[in-house]
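Please consult the sequence and the structure shown here while reading.

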Amino acid sequence: MSKDTENSPWTIPATEALRAGPHTRVADIDADATPGFEGDKELGTRLLEERGAYLSDLQEKLFANGRSGDRRSVLLVLQGMDTAGKGGMVRHVIGHVDPQGVDHASFGVPTPEEKQHHYLWRINKALPRAGQIGVFDRSHYEDVLVVRVHNLVPEKVWSTRYDEINQFEREIVDNGTTIVKVAMFVSLDEQKKRLAERLERPDKHWKYNPSDVTERALWPEYQEAYQAMLDKTNTDYAPWYVIPSNRKWFSRIAVGELLIDALERLDLDWPAAQFDVELEKKRLAQS
Ligand code: ADP
């Protein structure tokens, strides 16, 4: 159990309650659920502030250690259908930590330059530096999701990517990065509501993309692609977590807990001073 969670509304730690397993069925995910958590929106919102402050302390230690030669980092991979709340996750969870310590990257339709390279090329370039929290808003998994659903490359090409991704992630982990992969699920109805809101509100028009409606017709194909992704790339060293995301307050505290857990497991302490503290105190007093 993580620090500061005694008497917490988590009846099962988020890392257990949300971990994808061999029996996870994407079609059966209840996007309204709050697995492992007993509490309402008010409590969840309050908790996010508290845990956000703790997350920030942990992040500062990671950063400080990175400055002192520790090569480790953490990478949060966010995947989810349109409107699942990936952007809000970055603002409301990652927003708690010092932006200097965050290496953020989002992955859209590959640029002409990116298209000339292997699909992992752009991913590799965006990996977090030592001491950083990396955040991928979409990721290499698009290359087995949208690419698979739209047959952007032949099946014989995308079908080899699962193993390739596992191998790639193995190397990243061996190089000192803890990977936390988060699959955010909204229901088809909730997505409709969120898209409708984007249409109603001029301040949200910029988020609306007519192709989002076209993609809704492909929901079953996307579910199948998400299922295959979870089945084939849910490794011990880079596990998937399934985040029901109809309730934004829940998805945010859930991912906050997963990050806290990843950082706690690094067992970080403040790096020792590289100078003689007592001597420096004297020198400062005399200066
Ligand atoms: P968002 O919709 O997340 O706000 P963008 O508007 O930048 O972000 O677009 C993301 C779009 O890029 C999504 O429709 C996604 O499916 C698509 N995309 C991401 N990676 C790839 C890829 N490798 N090949 C094709 N399309 C991709």
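A residue is termed buried under 20% relative accessible area, exposed over 50%, and partly exposed in between, with a 1.4 Å probe and protein chains only. The model is predicted, so local features need pLDDT of at least 70 and side-chain atom pairs count only at pLDDT 80 or more, while totals for chains, interfaces and linings use all residues. Residues are numbered from 1 along each chain as its sequence is written, and side-chain values use heavy atoms, with hydrogens and water left out.

Q: Why is Ser 68 called partly exposed?
A: Ser 68 has a relative accessible area of 41%, and the term covers values between the buried and exposed cut-offs; Ser 68 is therefore partly exposed. Ser 68 lies in the loop between α2 and β1 (73-80).

Q: What makes Leu 47 a buried residue?
A: The relative accessible area of Leu 47 is 10%, and buried means under 20%, so Leu 47 is buried. Leu 47 belongs to helix α2; helices are DSSP runs of H or I with at least four residues, strands are runs of E with at least two, and both are numbered from the N terminus.

Q: Which residues is Leu 47 in contact with, leaving aside its neighbours within four places in sequence?
A: Contact means heavy atoms within 4.5 Å. On that basis Leu 47 is in contact with Pro 9, Trp 10, Phe 37, Gly 52 and Ile 253.

Q: Why are α2 and α12 called roughly parallel?
A: Helix α2 (residues 41-67) and helix α12 (residues 248-265) pack at an angle of about 25°, with their axes 9 Å apart. Axes are lines fitted to C-alpha atoms, for helices over the stretch in contact, and angles run from 0 to 180 degrees between N-to-C directions. Angles under 35 degrees count as roughly parallel, over 145 as roughly antiparallel, 65 to 115 as roughly perpendicular and the rest as oblique. The two helices α2 and α12 are therefore roughly parallel to each other.

Q: How do you know that the buried residues of α8 are on the same side of α8?
A: In α8, Arg 161, Tyr 162, Ile 165, Asn 166, Phe 168, Glu 169 and Ile 172 are buried. They cover an arc of only 165° around the axis, which puts them on the same side of α8; the arc is that of the directions from the helix axis to the C-beta atoms. The face turned away from the buried side of α8 carries the exposed residues Asp 163, Gln 167 and Asp 174.
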